[in-house]
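Welcome! Take a moment to turn the model around on your screen, and then we will walk through some of its features together.

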Amino acid sequence: MTTPVGSTKPNRTKPNRAEPNRAVTSRTEPAAGGAVPPSTTRGTLLRLLGCLLGATVLVLASSLAVIWGTHRSAETVRTRSVPAVMELAAVRTALVRADTAAITSFQTRQSGLVGPGEEYQNQIAVASQGLAQAAEDIGSEGGSSGQIQVVEGLLVAYVGLMGQAHAHYRQSGPGGLATAYAWYASRLLHSDDGILAQLDTLLAAETEALEARLSSGWLSPGTTLLWVLPVLLLLCLLVGAQRYLRRRFRRTVNWGLAAATVLLVVLTAGTSFVLVSKEQLADAHAELSEVRRLSAEQSAGADHQGIAALDELLAGFCSRADGCAVSSDVFRGGLEAGAPAPAVSAPPVADREVLSRAGEVDDQAALATGATSGAFVVLLLASPIALLVWLGLRPRIEEYRYRSR
């Protein structure tokens with residue numbers, strides 16, 4: 001059959017079936033130069049590994065800092081702050097007892113034979129040793145060290161005056177210079193700027209410093225966030241990594257990450273010992289307050305007894321009826337002149353009760369430092385978290401080293 005002139009024969013060329021294959025091949029062929037495109041999965045795994053390792057280092061560093069800081073603060077409270085307060089309270093009680101013993105020795109005529117007596121000497125020795133120990137506990141911080149030196153100087157002056165009183169008593173008997181020196185010694189002890197007032201100021205300052213130390217620095221409530229927040233961050237990353245691996249690789253559990261999560265829980269429990277330490281320090285502070293209260297009752301009881309003895313001694317030497325102005329009224333803040341010293345109705349506090357309470361203070365403070373010592377051990381056991389994270393993700397990362405997706 002002939003084709004008409006002017007008509008065009010349609011081109012029935014067969015389609016090239018190799019073109020689609022070339023298109024498919026072009027998607028899998030290496031890029032120019034033979035380089036394989038980087039795998040997005042591998043990049044994601046590497047970023048996840050970096051985040052996990054960074055969060056792990058942050059958790060370990062913050063936990064170590066909080067545990068170490070709390071341990072040092074608790075140790076300072078146990079070895080310096082608490083003993084300083086207890087020593088100063090004991091010094092105050094010892095001085096009041098010494099003064100009472102010295103005045104009473106005049107009434108019992110003991111002063112003419114053995115001087116102020118053994119009780120006076122023992123209590124002065126206790127006060128001197130207590131001041132030296134308190135000065136060592138306080139150190140050179142603030143103005144307390146200088147104030148202790150002032151108290152030590154006043155104590156030397158007090159002992160000298162009381163020694164003069166008993167020396168004149170042995171020479172000329174009661175009355176005269178013996179009573180005058182005894183009155184001056186007691187005034188030096190009880191006056192508004194005397195030894196007891198200085199000790200009260202020291203006690204207030206050291207108690208305030210102790211309370212500030214218990215509520216600031218590493219012992220403040222805000223330090224808990226320093227280790228809680230990094231722990232929560234790492235926990236979220238570990239859970240998120242498990243979910244990603246389960247979705248991407250169809251693996252139910254990654255045992256490396258699971259073991260790291262368990263160690264993180266152990267580390268969190270160990271670091272929480274710092275909260276136990278703070279609670280035990282608070283208990284020690286409460287017990288210390290009770291020790292101070294009992295010591296104050298002891299001091300008050302001895303003080304009333306000493307003032308009554310001094311009033312009786314002065315009455316025999318210088319009567320008010322004769323216009324004598326020498327009295328113990330200057331010792332009694334807030335009382336009317338000539339008013340008798342108030343009687344102490346409560347039974348005296350036994351020394352063993354005070355010592356028992358002081359022992360409880362020491363025990364609570366020791367438990368506080370022991371709790372942080374246990375936290376160090378837990379931190380050491382939980383430190384392989386970073387290794388477990390690396391072992392958990394390394395096989396998955398290696399699978400995609402030469403893949404392009």
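Predicted model: local features only at pLDDT ≥ 70, side-chain atom pairs only at ≥ 80, totals over all residues.

Helix H10 gives the largest share of the lining of the largest cavity, four residues. H10 runs over residues 273-317, and it is joined by H2 and by helix H6 (177-190) as the elements that each give two or more residues to this lining.

How many cavities of 30 Å³ or more does the structure hold? There is one, and the volume of the largest cavity is about 40 Å³. In total, 10 residues line the largest cavity. If you want to find its centre, look for Asp99, Ser186, His190, Gly306 and Ile307, the lining residues that lie nearest to it. By class, the lining is made of four nonpolar, four polar and two charged residues.

Now look for the largest pocket, which holds about 390 Å³ of space. It is lined by 18 residues, and those closest to its centre are Met86, Ala90, Gln298, Val354 and Leu355.

Which helix supplies the largest share of this lining? Here the answer is H2, with eight residues. At least two residues each come from H2, helix H4 (118-138), H10 and helix H11 (351-382). Sorted by class, the pocket lining has 10 nonpolar, five polar and three charged residues.

## Helix H2 and its partners

The contact of H2 with H8 is formed by 20 nonpolar, five polar and one charged residues.

Another partner is helix H9 (residues 255-271), whose axis comes within 11 Å of the axis of H2. How are H2 and H9 directed, roughly parallel or roughly antiparallel? Their axes cross at roughly 20°, and angles under 35 degrees count as roughly parallel. H2 and H9 are therefore roughly parallel to each other. H2 and H9 also make a left-handed crossing.

Side chains of opposite charge can pair when their charged atoms come close. Six salt bridges are found in this structure, and one of them joins the side chains of Glu75 and Arg78, with 2.7 Å from N to O.

Where do Glu75 and Arg78 sit? Both are in helix H2, three residues apart, which is about one turn of the helix.

How values were computed: Residues numbered from 1 in each chain as written. Heavy atoms only, no water. Nonpolar A, V, L, I, M, F, W, Y, C, P; charged D, E, K, R; others polar. 1 Å grid on protein atoms, 1.4 Å probe; cavity = no way out; pocket = protein on both sides within 12 Å on 5 of 7 lines; lining within 4 Å. Points joined across faces, edges and corners; volume = space filled by probe spheres on them. Salt bridge = Lys/Arg side-chain N within 4 Å of Asp/Glu carboxyl O. Axes fitted to C-alpha atoms, helices over the stretch in contact; angles between N-to-C directions. Parallel < 35°, antiparallel > 145°, perpendicular 65-115°, else oblique. Left-handed = near helix turned anticlockwise from the far one by under 90°.
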